[in-house]
Amino acid sequence: MSKQTNKTVLIMNFETESKSYQAFSEIKTMHAERKIHGEQMAVVEHDHNHKINAKDFLDFTGGDKNMKGSLIGMLVGILGGPLGVLLGWMTGAIIGSSQDAKEIRDAMNVFEKTLETIPEDQTGVILIAEEEHNEYINELVNNKLGGRVIRMDANLVAREINQAQQAEDDAKKSAKKGWFSKKDD
């Protein structure tokens with residue numbers, strides 16, 4: 001009988017930056033002990049300008065070593081860019097009722113959860129892993145380090161990142177078209 005595991009994005013938050021780094025270190029050990037199967041992990045900071053910035057990154061697969069093309073890199077890229085700043089200001093607010101706004105609202109779910117889990121001026125850890133049992137991470141985060149963790153399906157996160165990237169591209173094209181049509185007037 002094969003193991004039933006799903007790739008999950010775990011967003012963790014702690015009271016202090018040092019606890020985020022401690023979690024980062026202890027999760028590396030859990031991976032080495034095969035308690036979890038980590039894919040990527042980053043310590044991130046939600047700064048006072050409503051941006052998420054990566055402070056440390058690890059690719060467990062030994063493959064790409066570069067955060068930029070990774071799922072975490074794309075998530076941080078969205079949250080660190082103009083859309084992320086907008087979301088930081090608008091988390092919890094209502095966006096208009098047009099079709100475009102609905103698409104943006106749908107794509108914001110993952111980003112809103114991330115921004116809510118790692119509040120402004122705090123650090124956290126984002127982990128992509130397969131967990132056969134979630135007790136290992138829960139014990140570390142909730143009991144040992146006094147933090148909190150939320151889990152989201154990695155496929156859902158990837159879809160929402162793609163939607164957000166499309167919305168961001170569409171907004172850029174629309175802004176350019178509007179700008180250049182004004183110049184022609």
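In the predicted model, the side chains of Arg-151 and Glu-131 form a salt bridge, with N and O 2.8 Å apart. The two residues come from distant parts of the chain, 20 residues apart. Arg-151 belongs to strand 5 (residues 148-153), whereas Glu-131 sits in the loop that runs between strand 4 (122-130) and helix 5. Arg-151, at 30% relative accessibility, is partly exposed.

Side chains of opposite charge can pair when their charged atoms come close. Five salt bridges are present in the structure. One of them joins Glu-26 to Lys-144, where the closest N and O atoms are 2.9 Å apart. Glu-26 is part of helix 1 (residues 17-32) and Lys-144 is part of helix 5 (residues 135-144), so this pair ties together parts of the chain that are 118 residues apart in sequence.

A salt bridge is also found between the side chains of Glu-33 and Lys-35, with an N to O distance of 3.2 Å. Glu-33 has a relative accessible area of 46% and is partly exposed. Lys-35 is likewise partly exposed, with a relative accessibility of 33%.

Burial was also examined in helix 2, which spans residues 71-80. This helix is mostly covered, as eight of its 10 residues are buried. The buried positions are Leu-71, Ile-72, Gly-73, Leu-75, Val-76, Ile-78, Leu-79 and Gly-80.

Terms used. Residues numbered from 1 in each chain as written. Predicted model: local features only at pLDDT ≥ 70, side-chain atom pairs only at ≥ 80, totals over all residues. Heavy atoms only, no water. Buried < 20%, exposed > 50% of the residue type's maximum accessible area, 1.4 Å probe, protein only. Helix = DSSP H or I, 4+ residues; strand = E, 2+ residues; numbered from the N terminus. Salt bridge = Lys/Arg side-chain N within 4 Å of Asp/Glu carboxyl O.
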